Structure formats: structure tokens, C-alpha cells
Amino acid sequence: MTSHSPSAATLAATGLSLGYRSQTVVDRVSVALPPEQVTVIVGPNGCGKSTLLRGLARLLKPRGGAVLLDGADIARLPARSLARRLGLLPQQPVAPDGITAADLIARGRHPHQRWFRQFSDTDAAAVSRAMAATGVTELAERPIEELSGGQRQRVWIALALAQDPDVMLLDEPTTYLDPAHQVDVLELLTGADTRSGRTIVLVLHDLGLAGRYADHLIVMKDGEIAAQGAPSQVVTAETVEAVFSLPCRVIEDPLTGTPIVLPRPRR
Amino acid sequence: MIAGDRDALLLRGPRDAVVFRLGRRSAALAAITWLLAGCAAVLSLSLGRFDIETAGVLRVLGGGGTLIEYDVVVRNRLPRAATGLGAGAAFALSGAILQRIAANPLVSPDVIGVNSGAAFGALAVLTVFGGSGLHTVAGALAGAGATAAAIFALSAKRGLSGHRLVLVGIGVAAMLTSGVSFLLTRADYHGATAAAAWLTGSLANRGGLHAAIIAAALAAAVPALVVLARHVRLLELGDELAGVLSRHAGRARTALVAVAVGLAATATAAAGPIGFIALAAPQIVRRLLPGRGAAFAPTAAVGALLTVSADLAARMLFAPVELPVGAVTGVVGAPVLLYLLARANRIGHAG
């Protein structure tokens, strides 16, 4: 009954192809997500970022290739252990009507429970820890629909943390948040409390924030990897123009030294 | 100790090897409502063409009383009350399961055509094959199962959407209603009259077989729900989160739908397609309880109470003429449906 602490896990895709019906969205992608680091995936709309994330989480069956967790094909991993080790927060999760924050967060403990053991002290501790880490302890008994967008996103992240996975995938966790709350959420996700040995993978739209918070940056275009590596090496004017068709200049952030993309005025 | 919410009551076995969680208020509501349903059932045993006072009913149930009293209470009225309690509970559970996992209160077996499918199947057995008793149960199960499979297959498109289910279900229900009318035109006069009463949902002339059918269905469904209930809490978070948190989410959903369809089908076979119980009972419980427990126990109790009270009203309001119970639940339930439709329209969807 000791509390499980996330162990360094390497998630990798080898020659992974994914798609819906006749359409191939991700085409023979091979990536390794560095353990215990923050990987950010960026790319233009429709480039296959979210699809790749779904494939990495085994929500989509590969058309080719495989996803490996510590070298083992996740398609063959036992269901329960996979559900404990791999978490995904979808882009716009829907909360049931009238649910309280605490009830929602506790549902993240599902893979650690059985039908005859529906709650344990470990569950209680994990839920409390997740709420403390995300700063939502005071909101525990409030219904979700009464919360602001930023608070709600914190509650969803707390659910993902309560699951206590080794690898946490988040699809655009900052969309629909104002700039202050975007920074707030990213600080939370890349902060020590959340990470503590976890591998974090984020899909983001904002290149400046991606450059600032990523240890490892993956740029996708048309279902393929266009570039990957440390943000300062990947984010160049040539890459941004080639991938996003956005003429720009890249400068160094005076606060953090990370790259910032300045689009060139068109007039 | 945080157990998801303050309301949760944990039943622990030795060394926490077994822990069940119950909602305190949900358990209290279930106890009170089952008590009320029991009282309504005893009342319906005592009232009728021969009034027998409550003490007399209890005496008969205890094994005493005169022969005539025994005949009226145990032979005549008891199967009716028992079938009413069981069918009400089964319809309510079926509605609660479907509404929750589709996150839409309109996805209820009476709205999306599962009851019509069961009715069509049972009626086909009655009129075309001349079967009766257990054959109609088989017909109802086959009809409901085929209908549910068709509705889910037609509305599945990258996961399950409550909205599409409702639209497809209403269409399928309309087709089945025409099918039922067709079957009625083929039946002889007596068959058609009996079928028409049964189609409104009727508890008249219930025998031990009907009560046994519904009891067997509940005996199979309740243990399954004890195991599956925790998956309901997951499935209502949407396909993606449910799929990540449980790698068996798809299987659990199929099993839950099967339980819901089986309950609606057997209840329909035993009591006819009584409308609105499956729709209204879960909504009533949701408004009485805070938060979002599974609340299956109080929902079943509310369904049983509604059905037995409606049947009592149907028998007594225009005595000596009896209305079918479905007529009363329709009058009471239609406003609930209208309210839910208006609400769903206003906010796009309603959980």
C-alpha cells in the first residue's frame, strides 16, 4: 500500500501510421519522447498532432508501426497496467452536469481500483496530492460549471495527476485560456510538483510558449515530423516559414533566452 | 478523508481488501422510497372491488385470512402489484443506465425505440406465431436486442453521441410503431383488443409468470450492475478519457447497454411498454440528490413507486372502469418529456 511514484518511462513510436477510414493522417512517424522531460508538439492545424497523441495513448489502432513503452509494444501491455502508466487529457473534456470538482478528480483513480475495492487510503492520498499540486483544494465541493475557465482546467489536470501516470499526454491544455492562465497552466505542468519523474507531452499552438516550456520540441507538418530537438535549435526562421508558411524573424527571449517568433508584417 | 465527495460512505472489509462506496443520501432516499413503494403495493392489495383493510392484507400475507380473502389478495392482486414493482424498477434502471452513459436524458428506452422493439417482437409472437407466455418474452428480448443493435450501429460514428442516438432512435421507434399497427390489422378481433390494452402498458390480469419473469431479469441485472456501476462514472466523461482510464471501457459500455436493453425488454414483455417511467425516474432522482452518484438503488425505487401508484390511480380513478397503467404514466410523464426537450433545446445538450 505504498504510494506509487512515477518511474522514468520512455514512450516511443516506430514507423507509426495512423488514420481514420481511408485517410492516413500520421505517416510512418518515429519519435522518442525523452523520459522525465517536457516534450511539446507543434504544427499547423490538421497536421496530425492530436491524432499522434491519440495513437500514443492507444486510443487509435496503428495502421503500421508500433508505440513502445519502455521497449514493450503498448498494444500487448496488460490493460490495467497501461491505464495506470499512461494518461491523456483530451482537448475539450466534457464534465457531467452538476458534478463537483472532488468527485471529478477522484474518477482519475479508476485504474487503481477494483469493483470490490472501490476506494483506498492510497486513493485518498493521491486525490489530496493532486488537488494540492493544482491549487484546487478549496474548490473541492464546488460544481464544475460554477468555476472559471482557468480553474476548470486546473481541475482536469488534477484528474490526470490523480491517475498518477508515468507518461502524461495533454492535448492543447491552454486553448481558450487568457494569456495569464495559459502561463499559469504551463508553469503548473512543468513545475516540480507535477513532474516529479513524469514524462510530459503537450500539444500547443503558441510557438513562444512552446519554446519557453519545452525541453524537447517536435514540429509536425502533413503527418510527418518536420524537425525535432532543443527549442533553440528547432525554432528558426527557415523552419517556421517552411512549416507554417509564416514569414518571420526569430529573436531570443530577453527573460529566458528561448526563441520567440515575430511574424513579419504583410503590409 | 476525501472519498470523491463528502456524501460518500465507505463500507470496509477487514484490512481494506474489500471497500464499497455508497452515497449516504442516495442510500437514505432508496430506503425511504422502497418503503413508500411497499406501502403503495399493500394499499393496492387492499383496494378494489372487494376492499380489504390493510390489517387484513397483512394477515393474509402472513398466512391467515379467509379463503376468499386469500384468493383476492394472493391470486388476483399480488401478481399485479409484484409485476408493477418489478417492471417499474426495471424500466427505471434501464433508463438510468442509458441516460448516464449517453450523457443525454432523452436517451431512454421508451424514447429511442427499445420498448417499441420489444413490443413489436412480443406482438409478432402473439399474432403471427400464436405463441404466449415465455414465447412473448423471447420475442420481446429478440425485438429489443435487434432494435438496440440497429440504433447503435446507425448512430455510431467515431464514438457514441447522445444526440444522434435520440434522432435515430425516434426514427426507428416510428417505423416500429407502423409495424405494430400492421400486426394489429392482421390479428383477429379478440387478439387485437388484448394487444391494444397490452400496448398501452397494462398490469391487468398479471399472473405468477409475469412476476417471475421480471424477478428473474432483476436477479440477473442487479449483480451485473454492482460490478459495472463504477464504469458508468467513467463512461460519462466521454470516450477518450474513459478509454484512457479503463482499457475495457468499450466492453463495459456494451455490457451496460445489454443490461439496459434486457431490463427494458423483460419489463415490456411482463407489463407492456409502459411509457415515461424510464425517462422520468432517473430525472426525478437527479433532482432530489446532489452531485452525481450512480444512484441506481433510489432510481429503481422511484420507478417502482411511480408504476405502482400509477396503476393504483388507473384502477381507482374511473372505477369500475380500469385504465391501463400506461395511460396514467403518459399523462404524468408527458410534461416531463416536454420539459426535458425544452431544456435540451436551450442548452444544446442536457446531462
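## A buried glutamine in chain B

B:Gln99 sits in helix α3 of chain B, which covers residues 67-102. The model is predicted. With a relative accessible area of 6%, B:Gln99 is buried, because buried means under 20% relative accessible area.

The side chain of B:Gln99 has polar partners. One is B:Gln283, whose side chain is joined to that of B:Gln99 by a polar contact of 2.9 Å. Another is B:Leu279, whose backbone oxygen lies 3.2 Å from a polar atom of the B:Gln99 side chain.

## A nonpolar patch with residues of both chains

A:Trp115 belongs to the loop between α3 and α4 of chain A. Its relative accessibility is 34%, and A:Trp115 therefore counts as partly exposed, a class that lies between the 20% limit for buried and the 50% limit for exposed.

On the surface, A:Trp115 forms a nonpolar patch with B:Val222, B:Val226 and B:Val227. Together these residues have about 290 Å² of accessible area.

A:Arg117 is found in the loop between α3 (101-106) and α4 (121-134) of chain A. A:Arg117 has a relative accessible area of 30% and is partly exposed.

Notes:
Residues numbered from 1 in each chain as written. Chains lettered and ligands numbered in written order. Predicted model: local features only at pLDDT ≥ 70, side-chain atom pairs only at ≥ 80, totals over all residues. Heavy atoms only, no water. Helix = DSSP H or I, 4+ residues; strand = E, 2+ residues; numbered from the N terminus. Buried < 20%, exposed > 50% of the residue type's maximum accessible area, 1.4 Å probe, protein only. Patch = residues over 30% accessible without salt bridge, like charges linked within 9 Å, V, L, I, M, F, W, Y side chains within 5 Å. Areas by Shrake-Rupley, 256 points an atom, 1.4 Å probe, with all protein chains shown as cover. Salt bridge = Lys/Arg side-chain N within 4 Å of Asp/Glu carboxyl O. Polar contact = N/O pair within 3.5 Å; in protein donor to acceptor, adjacent residues only side chain to side chain.
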